[in-house]
Amino acid sequence: MGTSVQVTPLSGVYNENPLSYLVSIDGFNLLIDCGWNDHFDPSLLQPLSKVASKIDAVLISYGDMLHLGALPFAMKQFGLNAPVFSTEPVYRLGLLTMYDQSFSRKAVSEFDLFSLDDIDSAFQNFTRLTYSQNHHLSGKGEGIVIAPHVAGHLLGGTVWKITKDGEDVVYAVDFNHRKERHLNGTVLESFYRPAVLITDAYNALNSQPSRQQRDKQFLETILKTLEGGGNVLLPVDSAGRVLELLLILEHFWGQRFLNYPIFFLSYVSSSTIDYIKSFLEWMSDSIAKSFETSRDNAFLMKHVTLLIGKEELDNASTGPKVVLASVASLEAGFSHDIFAEWAADVKNLVLFTERGQFGTLARMLQADPPPKAVKMTMSRRVPLCLMDLKNNLSDPMVIDSGNTHPPLDVDGSRGSGHRDVLIDGFVPPSTSVAPMFPFYENSLEWDEFGEVINPDDYVVQDEDMDQSAMHVGGDIDGKFDEGSASLILDTKPSKVVSNELTVQVKCSLIYMDYEGRSDGRSIKSILTHVAPLKLVLVHGSAEATEHLKQHFLNIKNVQVYAPQIEETIDVTSDLCAYKVQLSEKLMSNVLFKKLGDYEVAWVDAEVGKTENDMLSILPISSPAPPHKPVLVGDLKMADFKQFLASKGVQVEFAGGALRCGEYVTLRKVGNPSQKGGTSGTQQIIIEGPLCEDYYKIREYLYSQFYLL
């Protein structure tokens with residue numbers, strides 16, 4: 001039978017909750033994405049907690065909260081202990097995203113769900129892969145091959161292709177087919193007939209304007225606010241879609257010679273841009289080409305100032321300004337505080353570039369019509385005053401908090417008098433007047449030059465250096481903002497002071513879609529072209545999920561599934577796959593031809609069995625019957641047009657056909673109902689007189705295929 005495949009959603013179906021799915025392939029458990037939301041709601045992770053200890057490997061598709069936010073918590077609390085695979089940008093930018101979230105929460109609350117150490121520990125499990133790199137799993141996963149492919153949406157974003165025994169399981173969520181300033185579009189359309197495709201319905205009901213129209217409206221709206229004397233706040237993520245926005249603003253400011261300041265404010269802003277400058281090979285072709293030809297790095301920005309603290313913004317110029325501040329949901333971070341200050345001014349603008357997560361302040365403000373007043377909790381961390389310290393010290397510390405024995409009084413009796421600090425296990429000598437700790441006099445050695453020094457006392461151990469780099473530097477390479485590092489090292493006693501206030505919302509509130517996801521029309525077109533045998537729909541509202549499900553139920557040869565949370569569906573292939581052994585005698589006579597990642601050949605043989613009862617392919621005992629030539633490959637007419645042009649052939653599309661020279665025409669024909677890549681064959685017809693051009697074009701055409 002075919003490779004056994006089961007899919008179990010753990011979060012993110014029939015809603016917009018974080019993404020997390022269990023995919024089991026022949027008993028090997030893959031956790032694909034491990035997201036959390038900006039509410040840090042532990043109840044969302046209950047399904048994950050039940051299976052975390054059984055996970056064999058984790059695949060992460062994007063470096064944002066919705067796709068990896070729960071990873072540190074799951075490894076700390078649920079016993080998740082498995083290798084994690086991602087691309088290099090997802091690893092780096094995901095690490096910075098988690099740091100920014102941690103700093104934002106600790107600045108305004110006693111956040112204890114995970115620490116910086118927990119983040120570091122989780123990210124040490126990562127193995128980084130490059131695009132199209134086939135990684136062969138070992139041990140229990142023997143025979144499974146995973147490979148990341150370009151997804152668009154975010155830098156390093158991944159469409160995961162998982163292969164076993166020739167059958168492909170493709171995981172493609174939040175992909176974007178559009179080419180953007182800093183990203184190429186997805187390569188999902190290059191896949192054909194995978195056994196299983198897991199994809200999302202998030203944008204199935206949405207449509208998008210053209211990129212030029214959207215950018216024009218975006219920039220004109222910002223400029224109008226600035227010219228009217230107002231400030232513009234863009235709540236953004238830490239290291240994701242904000243990169244596209246920065247390039248748009250940088251380019252426009254340079255074109256118009258504008259002087260309004262632009263600030264990118266997050267705890268990790270400078271670290272983010274430092275890393276981004278070295279990731280050009282992961283970006284769009286135009287950015288990579290520009291750097292190769294002129295050494296021009298698109299992220300050496302002249303008009304954007306990077307800030308890591310709000311006091312830096314407060315000390316900036318008082319005129320109109322644009323501020324991109326994390327976090328995008330307005331639940332915490334610098335964007336939360338700036339909104340509270342700017343919301344009451346009718347001249348200001350809050351420009352949302354992504355839909356707020358459900359239940360967040362951003363989502364509330366994006367409602368139609370938006371609320372005219374909102375209640376907000378303003379919190380800040382302040383040093384403890386002398387009175388606070390006295391209150392803390394009024395009850396002397398007991399080192400062993402688990403010791404239930406009443407403490408000794410000064411005279412050694414147990415009572416309610418003054419309590420000393422005692423360590424469990426210390427027994428005062430019976431001859432002592434009062435309890436005392438042992439005292440050992442440290443005698444110093446002297447010579448004629450002074451005190452004798454032991455050099456070993458001044459040697460810094462390697463592990464101490466590593467830990468210092470880890471904590472002060474922030475990430476594994478010790479590269480982090482100095483201001484953020486100071487937060488880690490700040491051990492002064494402090495407390496969180498909070499107060500509730502009602503904010504009158506008089507500023508303008510506008511939403512423009514810069515999420516970098518394909519819209520509904522494009523999703524349907526791409527999925528139809530890919531034509532999976534089985535389609536699993538996840539992540540999207542109930543309406544969007546049902547809409548996409550009904551659309552593909554009307555298409556033949558596609559089985560559609562939309563499982564609920566913790567509902568396991570079996571999407572094992574209906575085809576039967578067998579492992580066979582080719583005999584050495586047969587192999588010596590087979591001529592293989594390379595076809596992409598595979599080698600193909602036509603074989604006439606007989607099926608037999610080896611001594612171990614394994615199926616074996618043997619040479620036939622009688623001469624092989626003749627067979628018709630087989631052309632293997634998939635020709636795209638647009639690509640063939642470019643190929644002919646490179647050979648000096650005048651070629652153009654006319655009436656749905658490709659006209660080559662004066663006399664020859666190529667036409668692709670087939671069943672119209674099978675258009676878009678569904679099952680069925682299509683033929684290429686050559687029309688024209690049997691002239692020299694005819695045979696030349698036919699030869700060029702044959703060269704695009706493999707002949708068996």
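Colleague: Which residues does K310 touch, not counting residues up to four places away in sequence?
Modeller: A word first: this is a predicted model, where local features need pLDDT of at least 70, side-chain atom pairs count only at pLDDT 80 or more, and totals for chains, interfaces and linings use all residues. Residues are numbered from 1 along each chain as its sequence is written, and side-chain values use heavy atoms, with hydrogens and water left out. Contact means heavy atoms within 4.5 Å. On that basis, K310 touches L265, F334, D337, I338 and E341.

Colleague: Is K310 buried or exposed?
Modeller: K310 is found in helix α10, residues 310-314 (helices are DSSP runs of H or I, at least four residues, numbered from the N terminus). Buried means under 20% relative accessible area, exposed over 50%, partly exposed in between, with a 1.4 Å probe and protein chains only. K310 has a relative accessible area of 13%, so K310 counts as buried.

Colleague: How are α4 and α8 oriented to each other?
Modeller: Helix α4 (residues 88-106) and helix α8 (residues 269-276) pack at about 175°, their axes 10 Å apart. Axes are lines fitted to C-alpha atoms, for helices over the stretch in contact, and angles run from 0 to 180 degrees between N-to-C directions. Angles over 145 degrees count as roughly antiparallel, and 65 to 115 as roughly perpendicular. The pair α4 and α8 is therefore roughly antiparallel.

Colleague: What about α6 and α7?
Modeller: Helix α6 (residues 211-227) and helix α7 (residues 242-256) pack at about 65°, with axes 11 Å apart. That makes α6, relative to α7, roughly perpendicular.

Technical notes:
Helix = DSSP H or I, 4+ residues; strand = E, 2+ residues; numbered from the N terminus. Parallel < 35°, antiparallel > 145°, perpendicular 65-115°, else oblique.
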